Amino acid sequence: MNWKDYLKFDLKQKNKHKVITLGYAVAIIFAFVLSLTNNNYVEASVSKSERLDYQLIENNIAENLSDPESVYPSASIDNINGLFSMVSSLVREKDVQKNIEVQKGDTLISVLTDLGLDRDAANDIYYKLKEHYDPRDLKAGQELSANLTIDTQTDDILRLNALVIEPEIGERVVVSQNETGEYLVEKIKDELITEISNATGTIEGNLSTSMQKHGVPLRVVNKFIQIFAYSVDFRRDLRKGDKFEIIYENQVTTNGESVKSGDIVYAGLILRNNRISLYRYEDKKGNADYYNETGRPMKKILYKMPLNYAARISSPFGKRRHPILKDIRIHWGVDYAAPTGTPVLAGGDGVVQVAKYNGAYGNYVKIRHNSEFATAYGHMKGFAKGIRPGVRVKQGQVIGYVGSTGRATGPHVHYEVVHNGRRVNPRTIKASTGENLKGQNLKNFKVQVANIKKSYQNMFAQNESPKMAQK
Ligand SMILES: [Zn+2]
């Protein structure tokens, strides 16, 4: 016989009160064990005052063992039965938290029906949600979290208690179910505070680890490197004792949780007592860029090397003995050796002028950047998709791949910079293809620079010695 039958059977016996005591004790133990295993639903189902009652009864049992009848009214038996059925139903139901990663091809409906919701409920949620969030914005890789009540014996979904979508960091759309089973949708935005952080330090070994050692988040470090990639060759230009300086924004929640490492306001490098300072400036249209103190954009300076790869210079610019033709001639570009297939990047924003097989150059691309500057790339294995004359390209865009077509002894890219029709050394040019700040923008920028300078003189007192380099 099971415990319920035993209870019924035994209740017929004289020692009712013992059974009652046992019943309460078992129920209390059940409730206690449940409170250990799943706090939430016990909290929800057994109110504090009810628990207090059990405690009272338990104490009375201990104190009044001589006269048990006085403690237990006859209604107690019903109470026990009620408690048992409540406890046993709790045992069958369980709240679970599920995190769902949206897969390619998933829709909100498919996600919900995969969770075990029926089509009607899924549609209902879809239309309610639409008022706050377009479910078609769900992207592969996005994470949703759901709180579900399931039947522990069958694993069936009994209820969707909540569904949380995070369209953006610090923003949540929450679907929940009220007592009558109706779905409600709410949009919650975290209040974010912008904090200004700064760091400075000596570069030991590599820049990235040095900056991270000083507490700069990797995301910010990468931005810092990007900003300087236009004017500094990190592989060759850094020396022992060089320093970095950075002022950046951090977006934090009211609990101080870092949500987003924001924009770099100021980035400085002190390379052998030569300080390169770059300041962020955002114009009225919302275009942001980095400028030196005089308002000259650093971003648009032509690349010294059209590869995102620490390539070896296999042949420098200038006079050399030709490896194939064996005579002395001038090498009109720089050769960077890299594995076949390494992407070749546009040295600056511009328009493709030539993209074809060009004799000794092999597969060749020429890009015009502005009225002064053009760049050319030779010996490529092939061209990137869409690269043909007339096409506009962005700096850093892949235009082709390293190869050894034409007159070449091994895989490399031959990189030329043409200034006013003359080929110049890409390693030494100071070619700006971007717009200098002018007029009101320049005025605003100068005020901003003055403010930043004032604050960084306090922040970076230890780096005082170097003068501001005119770069
Ligand atoms: Zn060459």
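**Strand pairing and overall make-up**

Guide: In strand 21, Tyr401 is the bridge partner of Pro343. Helices (H or I, at least four residues) and strands (E, at least two) are DSSP runs, numbered from the N terminus. This is a predicted model, in which local features need pLDDT of at least 70, side-chain atom pairs count only at pLDDT 80 or more, and totals for chains, interfaces and linings use all residues. Residues are numbered from 1 along each chain as its sequence is written.

Visitor: How many bridges join strand 15 and strand 21?

Guide: Strand 15 pairs with strand 21 (residues 398-401) over 3 bridges, in the antiparallel sense; two strands pair if DSSP finds at least two bridges between them.

Visitor: What is the order of the strands in that open sheet?

Guide: The order is 15-21-19, an open sheet of 3 strands with antiparallel pairing. Its edge strands are strand 15 (343-345) and strand 19 (382-383), each of which pairs on one side only.

Visitor: Turning to hairpins, which residue in the turn between strand 4 and strand 5 has a positive phi?

Guide: Gly181 does, at about 85°, and 5 residues lie between the two strands. Strand 4 and strand 5 (residues 183-189) run antiparallel and are joined by 7 bridges, with Tyr183 in strand 5 as the bridge partner of Gln177.

Visitor: And what percentage of the protein's residues count as buried?

Guide: Of its 471 residues, 25% count as buried, that is, with 20 or more other C-beta atoms within 10 Å of their own, the C-beta atoms being placed from the backbone.

How values were computed
Buried ≥ 20, exposed ≤ 12 C-beta atoms within 10 Å, placed from the backbone.
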